[in-house]
Amino acid sequence: MRAIISIISGIFAFGVSSIIYANHKSIPADLEIQPVQVMLFGVFHFHNPGLDTVKSEVTNALTPSNQDYLEELTSKLTDEPPTHVLIECPSTHQRQMDQKFNSYKNGSYELSVNENQ
């Protein structure tokens with residue numbers, strides 16, 4: 001019981017000291033704080049291996065009209081290049097995804113219609 005009280009007291013003391021420090025820390029007057037801009041961009045599963053709950057039809061992203069649409073969309077997105085990109089994959093695949101992305105940027109990796117590459 002004493003150990004639990006000691007732990008709780010320590011956490012409380014740390015929390016109080018952190019709040020006091022944060023309230024007394026000054027921000028330089030010449031520092032202009034800009035709001036963060038975030039763009040969330042999500043798409044359905046192009047290959048549609050049954051992962052989308054709502055989407056019932058498979059869309060062929062390789063048709064000329066869909067390719068035109070995707071080309072126009074990506075050209076608009078290049079106006080605001082991202083600083084960070086988040087993809088849906090297990091964290092254990094990070095190294096593999098980074099290698100594929102770098103290969104794609106270097107022109108040595110060709111994408112297919114399946115986004116799970």
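This note goes through the predicted model point by point, from confidence to local features.

1. Basis. The model is predicted, so local features are given only at pLDDT of at least 70 and side-chain atom pairs only at pLDDT 80 or more, while totals for chains, interfaces and linings use all residues. Residues are numbered from 1 along each chain as its sequence is written, and side-chain values use heavy atoms, with hydrogens and water left out.

2. Confidence. The mean pLDDT (the predictor's confidence in each residue, from 0 to 100) is 76 for the protein, and 64% of its residues reach 70 or more. Helices (H or I, at least four residues) are DSSP runs, numbered from the N terminus.

3. Helix α3. Gly 107 follows α3 and has a positive phi, near 85°.

4. Salt bridge. The structure holds one salt bridge, defined as a side-chain nitrogen of Lys or Arg within 4 Å of a carboxyl oxygen of Asp or Glu. The partners are Lys 76 and Glu 72, with the closest N and O atoms 3.3 Å apart. Both are in helix α2, and because they are four residues apart, about one helical turn separates them. Lys 76 is exposed at 54% relative accessible area, whereas Glu 72 is partly exposed at 44%. The classes are buried under 20%, exposed over 50% and partly exposed in between (1.4 Å probe, protein chains only).

5. Leu 77. This residue is also found in helix α2 and is partly exposed, with a relative accessible area of 27%. Beyond its neighbours within four places in sequence, Leu 77 is in contact with Met 39 and Phe 41, contact being heavy atoms within 4.5 Å. Leu 77 and Phe 41 are 36 residues apart along the chain, with their C-alpha atoms separated by 10.0 Å.

6. Nonpolar patch. Val 36, Val 38 and Leu 40 form a nonpolar surface patch with about 400 Å² of accessible area together. Areas come from the Shrake-Rupley method with a 1.4 Å probe; for residues, only the protein chains shown count as cover. Patch residues have over 30% relative accessible area and no salt bridge; nonpolar side chains (Val, Leu, Ile, Met, Phe, Trp, Tyr) are joined within 5 Å, like charges within 9 Å. Leu 40 lies in the loop between α1 (2-24) and α2 (64-77) and, at 80% relative accessibility, counts as exposed.

Conventions
Helix = DSSP H or I, 4+ residues; strand = E, 2+ residues; numbered from the N terminus.
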